[in-house]
Amino acid sequence: MQIYLYLKSSHIFLLFFILNLLGCKNNASFEREQEVINYLQKIHSVELSDQAIVIMLQTNFCGACTEDVLSFIGKSISNVRIPIHLVLADDSMKIVGQLKDFEHVNVLIDKDFSLERYGLRYPTDLFFLIDHQSIRYWSFIEESHFKSIRRQLEKLEP
Amino acid sequence: MKYWFWLLLFTFISLKCSTTTDYIELPTEIANKNIDYSIERFSIDISDTLAYKYYDFFYDSDSTTSLAICNDHTKRIELYSISNKRLIRSASYDSISLETEKYGKINGIYMHSIDSLILMQKQRISVLVDFKVVHSREINPELTSDKLPDNLFYNLWESNIYYDPADKSLLTMTYCANCKIHKETYYTAPIEGSISLENKNMDKLSSVHYPSIYLGKEYYGFCNQIYKAINQNKSIHSFPIDPNIYVFDRKNNITTSFGGRSKFHKMEVAPLSKKFKYNSEEKLNHMYEMPHYGSIYYDPFRELYYRFFLKGMPIKNKDGTYNTWGDKEKVLMVFNSTFELVKEIDLGRHTYTNTGTFVGPKGLYLSTGHYKNKEKKEMALEYDIISFNF
């Protein structure tokens, strides 16, 4: 409590402002970042030298990969011009069919339950913006985060 | 003096906050008599992929066994003869007029005889003869209002439903749809009820609820499944974190408890912090990690009970790979009619699954359809029949 005695009101305001900014950055680092990179490189031989978007759809997981999520992805990625890698947890023909119109999307189907082995089988779909082999931004793909993901994608549009 | 005051206050608060539950784990009785067993592979070739949650089986007086499956891949109800190893007949969901928009998806199936089935949906039960609805009744009318009901007839966790001829009713699970899962009220609500086939005024909720281990301040996240077997007027309940087995006598409204700890239960169950109550990932990780008492089956031919035990395991292995639910090692526990533990068989992992497992005259038909079973045949309904011989 004593710290307040040494701070003027303007300092307190500044402190709150910085904390607020840090909070808005959304993103605590993704705890399994190295697993994401290893998974893409070792299982799918994906080059991650530049910027790329990675979307992991947890097909066959109750509550994941819903129509809302698919529709959001469909609308959001159409103007993005950096490589997009879309990982499907299994060979779900229905979803592959829905994504066939996006020619610039690299659809990757998980092999031998590798997503599970790499600790990437989450109950919610995942969105990553990767920049030179590190995750710059990540989010669960659910309605409450749609706005934040869209904001990230808008920054990438030409 | 001041120091003692604070120490006393701290002790008082700690005691006040500590969990108060009257839960006692009962000792597990071990049977004197050992039993041998044999395993026989059994399979039926099928013509299309099976994707199912709901199934039931039936055997005639001459021990002819049949299996009814709701196949979500073909969208058909399929009846198989286990004895003759073939599909007997099937009917599409559409032809049965399930009206899923109005009444919900299939939520349970009971096979009463080779040509008569009972189907449960969220808001209707239907009696089918030769795949034609001959009788139906709406259930859970409260679902049409804005507020969720306190007690809902609903089969959580794809459990089986049972017909009780004593009062012509369907025995199902119930739960408090209006309660928060991390609150005690959820665990004190009835977990079983019977839906009269004829008269909604005859619907009943039983007095049985979760055991007291769930009623304290501790929280166990997703480890709250209920597993059930039926032996005439007795409902046998098993819960993931509790070694005890609970036998509820529906006729006399009495619950008797028995110890049922596995010798493979080495890692103790730890509760989950309530700060994770809305965090599915933490709740899943906790469920993957903890030891888990699973499905329970009654074998009327040998007066035995079978119970799955899933060993505890770390989320992350030493080699850096991760484990999930499908990596849990399974143990088959065998109890006699007085719940003495007769045998435990280590089944390993990635072979057997409880979905599709059932008891027939030959023994326990243990489904080999685990999704990670590398020898699994896609176009076969395959089992290992475990037969116990006294």
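User: Which residues have the most contacts inside the largest nonpolar core?

Analyst: Bearing in mind that this is a predicted model, the largest nonpolar core has 79 residues, and those with the most contacts inside it are B:Ala68, B:Ile109, B:Leu117, B:Leu119, B:Leu170 and B:Tyr305. The largest share of this core comes from strand β20 of chain B, residues 304-310, which contributes 6 residues.

User: And is there a second core, or what does A:Val54 belong to?

Analyst: A:Val54 belongs to a second, separate core of 29 residues, which also includes A:Leu86, A:Val87 and A:Leu129. As background, nonpolar side chains in soluble globular proteins tend to be buried together.

User: Back to B:Leu119, what is it in contact with once its sequence neighbours are left aside?

Analyst: Leaving aside the neighbours within four places in sequence, B:Leu119 is in contact with B:Ile106, B:Ile109, B:Ile125, B:Ser126 and B:Leu128.

User: Switching to chain A, how many helices and strands does it have?

Analyst: Chain A has 7 helices and 5 strands, and along the sequence they follow the pattern α-α-α-β-α-β-α-β-α-β-β-α. Of its 158 residues, 23% count as buried, and among the contacts in chain A with a separation of 6 or more, 62% are accounted for by residues 24 or more positions apart.

User: Which residues of helix α4 in that chain are buried?

Analyst: In helix α4 of chain A, residues 67-76, the buried residues are A:Val69, A:Phe72 and A:Ile73. They lie on the same side of α4(A), because they cover an arc of only 95° around the axis.

User: What do they pack against, and which residues are exposed on the other side?

Analyst: The buried residues of α4(A) pack against β1 (51-57) and α7 (146-156) of chain A, whereas A:Glu67, A:Ser71 and A:Lys75 are exposed on the other side of the helix.

User: OK, chain B now. How many helices and strands are there?

Analyst: Chain B has 4 helices and 25 strands. Its radius of gyration is 22 Å, close to the 21 Å that the globule rule gives for 390 residues, so chain B is as compact as a globular protein of that length. Taken along the principal axes, its C-alpha atoms fill a box of roughly 85 × 50 × 45 Å. Buried residues make up 34% of the 390 residues in chain B, and of its contacts between residues at least 6 apart in sequence, 49% join residues at least 24 apart.

User: Where does B:Lys53 lie, and what does it touch?

Analyst: B:Lys53 lies in strand β2 of chain B, residues 52-59, and, not counting residues up to four places away in sequence, it touches B:Glu158 and B:Thr355. The C-alpha atoms of B:Lys53 and B:Thr355 are separated by 6.6 Å, although the two are 302 residues apart along the chain.

User: Why is B:Lys53 classed as partly exposed?

Analyst: B:Lys53 counts as partly exposed because 19 other C-beta atoms lie within 10 Å, while a buried residue needs 20 or more.

User: How many residues are in contact where chain B meets chain A?

Analyst: In the model, 8 residues of chain B are in contact with 8 residues of chain A. The side of chain B that touches chain A has 2 nonpolar, 3 polar and 3 charged residues.

User: And the confidence scores, what are ipTM and pTM?

Analyst: The model scores ipTM 0.76 and pTM 0.86. Chain B averages a pLDDT of 89, with 94% of the residues scoring at least 70. Over residues 15-19 of chain B, however, the pLDDT is below 50, and this stretch has 3 contacts in the model beyond near neighbours in sequence. Where pLDDT is low, the predicted coordinates should not be read in detail.

Terms used. Residues are numbered from 1 along each chain as its sequence is written. Chains are lettered from A and ligands numbered from 1 in the order in which they are written. This is a predicted model: local features need pLDDT of at least 70, side-chain atom pairs count only at pLDDT 80 or more; totals for chains, interfaces and linings use all residues. Two residues are in contact if their C-beta atoms, placed from the backbone, lie within 7 Å. Ala, Val, Leu, Ile, Met, Phe, Trp, Tyr, Cys and Pro count as nonpolar, Asp, Glu, Lys and Arg as charged, and the others, Gly among them, as polar. Helices (H or I, at least four residues) and strands (E, at least two) are DSSP runs, numbered from the N terminus. A residue is buried if 20 or more other C-beta atoms lie within 10 Å of its own, exposed if 12 or fewer, and partly exposed in between; C-beta atoms are placed from the backbone. A nonpolar core is a set of buried Ala, Val, Leu, Ile, Met, Phe, Trp, Tyr and Cys residues joined through C-beta atoms within 7 Å. pLDDT is the predictor's confidence in each residue, from 0 to 100. The arc is that of the directions from the helix axis to the C-beta atoms. The radius of gyration is taken over C-alpha atoms; the globule rule is 2.2 Å times the number of residues to the power 0.38.
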